[in-house]
Amino acid sequence: MDFKREIFIFVTFIILCLDSIFSLPEYFMEDHCTQTLTMNYGSIEAVRIHLTKSKRYGENMGCSMRVEAPEGKLLIIRFEDFDVRGIPDLMCQSGDFVEIFDGSSEIAAPILPGLPRRLCSSPEQKIFLSSGRHLIIRFISDTDMIAGKGFRLLITAFSIAPCSDAQLQCSGSGLCLQKKLECDGEINCPDESDEALPKCLSTAAIAGIAVGCGIVLILIIVAIVIGIICYQRKKRARIIKRAVQSRHVCEYKTSVQSQPTSPDVIMRTRDTFKEHERQRQLEKIPSTYWEIRLSQVEITPITDI
Ligand SMILES: [Ca+2]
Ligand SMILES: [Ca+2]
């Protein structure tokens with residue numbers, strides 16, 4: 001019974017490790033300007049988008065990226081981080097700013113109803129829903145050197161209830177998300193119900209599992225390296241042993257050739273060779289082995305003469 005429990009814990013641990021490995025896809029917008037990021041059925045229907053890999057975005061930057069949800073689905077946009085240096089008092093008409101269009105072109109309506117079209121400081125409202133399967137993110141920076149880290153968005157596809165068996169329903173709304181987004185450590189539902197305790201592990205527990213996975217991977221790598229070193233040492237030892245044995249055979253042959261060729265010695269040597277060859281063929285033992293054995297057997301009688 002205990003054994004089954006240990007297997008269950010081990011399998012759960014491996015699944016969690018794999019789950020953490022296959023985490024959300026992440027994109028840097030600066031690498032995908034003018035491109036469309038498409039979420040396909042079967043893949044994870046959520047992505048994280050960073051503006052830049054650098055600590056600060058560059059000056060004079062203009063970049064637009066389109067995001068497309070699977071057919072029949074809409075998009076949840078969550079601002080996880082926002083550090084853009086514009087001038088809110090001037091309605092972001094100066095400095096750097098972000099625009100999010102609720103459609104597939106830049107003439108679509110902004111996704112921020114009731115708010116300024118441009119964003120240049122952290123918005124009080126962090127979550128927005130698209131009205132269709134497309135949205136466009138556009139970032140513009142001016143020519144001065146005043147710059148921030150940019151922004152980080154988590155975008156999740158959803159459909160309207162009723163949900164299918166392959167979906168989870170955010171408890172505070174009728175939004176249906178891909179089931180694999182439940183308890184994955186990412187907050188996808190607007191009300192955060194996909195990561196609610198106690199059904200999901202806490203962030204600390206997930207961090208602990210991630211550390212455990214890292215330690216297990218390191219141990220596996222160390223074991224593989226030790227195994228390779230041991231194998232190479234054994235292989236080298238076998239090569240040295242064969243070389244020593246071959247040298248003994250050569251020494252024996254040289255010894256036989258240098259001995260007086262009395263008829264009695266020649267006959268004894270021939271008889272011994274024949275006997276060993278007969279045994280070798282019966283037992284199908286490689287001739288090299290018998291040459292070595294012969295060298296060990298024959299040295300004594302020959303040196304006695
Ligand atoms: Ca600037
Ligand atoms: Ca989640």
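**Strand pairing in the model**

Modeller: Strand β5 pairs with strand β7 (residues 127-129) in the antiparallel sense, over three bridges. The model is a predicted one, and what follows should be read accordingly.

Strand β5, which spans residues 74-83, is also joined to β9 by nine bridges, and these two strands run antiparallel. One pair of partners here is F82 and F151, the latter lying in β9.

I155 has 23 C-beta neighbours inside 10 Å; since 20 or more are required, it counts as buried. Its contacts, leaving aside residues up to four places away in sequence, are A46, V47, I49, V67, L75, I76 and I77. With I77 the separation along the sequence is 78 residues, yet the two C-alpha atoms are 4.7 Å apart in space.

A further group of strands can now be considered. Four strands form an open sheet in the order β2-β4-β8-β6, with mixed pairing. Strands β2 (36-38) and β6 (97-101) stand at the edges and have a single partner strand each, so one side of each is left without a neighbour in the sheet. On average, neighbouring strands of this sheet are turned by 20° against each other, direction ignored.

Within the sheet, β4 (residues 62-68) and β8 (residues 134-140) pair in the antiparallel sense over seven bridges. R66 has I136 of β8 as its bridge partner. Strand β8 is also joined to β6 by five bridges, again with the strands running antiparallel. In that pairing, I100 stands opposite I137 of β8. Although β6 is an edge strand, four of its five residues are buried, so β6 is largely enclosed by the rest of the structure.

As a general point, strands of a sheet pair through backbone hydrogen bonds, either parallel or antiparallel.

These strands may finally be placed in the chain as a whole. The secondary structure comes to four helices and 11 strands. Of the 305 residues in the chain, 19% are buried, I155 being one of the buried residues. Among contacts between residues at least 6 apart in sequence, 66% join residues at least 24 apart.

Terms used:
Residues numbered from 1 in each chain as written. Chains lettered and ligands numbered in written order. Predicted model: local features only at pLDDT ≥ 70, side-chain atom pairs only at ≥ 80, totals over all residues. Pairing = 2+ DSSP bridges. Axes fitted to C-alpha atoms, helices over the stretch in contact; angles between N-to-C directions. Buried ≥ 20, exposed ≤ 12 C-beta atoms within 10 Å, placed from the backbone. Contact = placed C-beta atoms within 7 Å.
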